[in-house]
Amino acid sequence: MLGSLPGVLTTWLMNRNSAAFESLEGGFPVERASVGGLAAATFVASLLATIGPARRAAAIRPALAVRVTE
């Protein structure tokens, strides 16, 4: 969402204020299915990438994790 929202907003502002887009007729189409699908795929990929390290970190006892070794 952090990348999709500014991207759509920037594109909308360019479409609205730029002289290069004056010849286009119609509104500003946002393909919600594509944006939503990409956001969901990115979310699932981030979960898959972090679940392994998170499970390994959760298996460490806190006393062992903070113990200072010399």
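Gly 26 lies in the loop that joins helix 1 (4-17) to helix 2, where helices (H or I, at least four residues) and strands (E, at least two) are DSSP runs numbered from the N terminus. This is a predicted model, in which local features need pLDDT of at least 70 and side-chain atom pairs count only at pLDDT 80 or more, while totals for chains, interfaces and linings use all residues. Residues are numbered from 1 along each chain as its sequence is written, and side-chain values use heavy atoms, with hydrogens and water left out.

Gly 26 counts as exposed because its relative accessibility is 70%, given that buried means under 20% relative accessible area, exposed over 50%, and partly exposed in between (1.4 Å probe, protein chains only). From C-alpha to C-alpha, Gly 26 and Trp 12 are 13 Å apart in space, with a sequence separation of 14 residues.

The loop between helix 1 and helix 2 also holds Ser 18, which is partly exposed, since its relative accessible area is 26%. Between the C-alpha atoms of Ser 18 and Ser 46 there are 36 Å, and the two residues are 28 residues apart along the chain. In helix 1 itself one finds Ser 4, and this residue is partly exposed because its relative accessible area is 25%. Ser 4 and Gly 36 are 32 residues apart in sequence, and their C-alpha atoms are 9.1 Å apart in space.

Helix 2 spans residues 32-59 and includes Leu 48, which counts as exposed because its relative accessible area is 64%.

The C-alpha atoms fill a box of roughly 70 × 25 × 10 Å along the principal axes. The radius of gyration is 22 Å, whereas a compact globule of 70 residues would have one near 11 Å; this radius is taken over C-alpha atoms, and the globule rule is 2.2 Å times the number of residues to the power 0.38. Of the 70 residues, 0% count as buried. The protein exposes about 6400 Å², of which carbon and sulfur atoms supply 65%, with accessible areas coming from the Shrake-Rupley method with a 1.4 Å probe and, for residues, only the protein chains shown counting as cover.
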